[in-house]
Amino acid sequence: MRLRPIDEANPVQRALRGLVASRPGAWVSRRVLHRIDGVAHRIAPGRALPSQWVAAVPVGMLTTTGARSGLPRAVPLMLAPLEDGWGVIASSYGSERPPAWYFNLRAHPRATLEVDGVRHPVRAVQVQGPERERVREAALAYYRGYTAYEMRAGGRDLGFFVLHPERD
């Protein structure tokens, strides 16, 4: 699957990205898109997730350890490819509350990220300042909806992380 930054995306991909960034699109996506990706991952593990091949954005399955339960929790996330790993943003489509995986990574920073069928053990580091801006810019290269999410989030810091690959 060829990922396409915004300036290389075709009109359909740009339209889909714009739809998901809109308030109604985010509402539907929050309730449906991650479930479709989760089912697709269970049916055909190791394949590109539907949200990745439809919109040509980088998406991976992040498996964290539950902050309270201690159980594994898998969630599809849009990734910001970085030279030293992957950036992720806990935007929750602009919700005023962070997603559960945000709390999971803060409590247990070791996780597993599956990208294009390859599982990577990772260590999450929450970033601020210039590192936060680096993740933000990398994410905006693929998806400008994060700016709308920042405005809708009611002033909360969205929570920016870098997932650094670790050796087994």
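Trainee: How much space lies in the largest pocket?
Mentor: About 950 Å³. A pocket here is an open set of points on a 1 Å grid over the protein atoms alone, where a 1.4 Å probe fits, with protein on both sides within 12 Å along at least five of seven lines; lining residues have an atom within 4 Å of a point. The volume is the space filled by probe spheres set on the points. This is a predicted model, so local features need pLDDT of at least 70 and side-chain atom pairs 80 or more, while totals for chains, interfaces and linings use all residues. Residues are numbered from 1 along each chain as its sequence is written, and side-chain values use heavy atoms, with hydrogens and water left out.

Trainee: How do the lining residues divide into nonpolar, polar and charged?
Mentor: For the largest pocket, 27 nonpolar, 10 polar and five charged. Asp, Glu, Lys and Arg count as charged, and Gly is among the polar ones.

Trainee: What about the second largest pocket, what volume does that have?
Mentor: About 170 Å³. Its lining includes Arg68, Arg97 and Phe103, and divides into five nonpolar, one polar and two charged residues.

Trainee: Back to Tyr93. Where is it?
Mentor: Tyr93 sits in the loop between β4 and α4. Its phi is near 60 degrees, a positive value in a residue other than glycine. Asp116 also has a positive phi, near 50 degrees, and lies in the loop between β5 (110–115) and β6 (118–127).

Trainee: Why does Asp116 count as partly exposed?
Mentor: Because its relative accessible area is 49%. Buried means under 20%, exposed over 50%, and partly exposed in between, with a 1.4 Å probe and protein chains only.

Trainee: New topic: which helix is Trp27 in?
Mentor: Trp27 is in α2 (residues 23–43). At 48% relative accessibility, Trp27 counts as partly exposed.

Key. Helix = DSSP H or I, 4+ residues; strand = E, 2+ residues; numbered from the N terminus.
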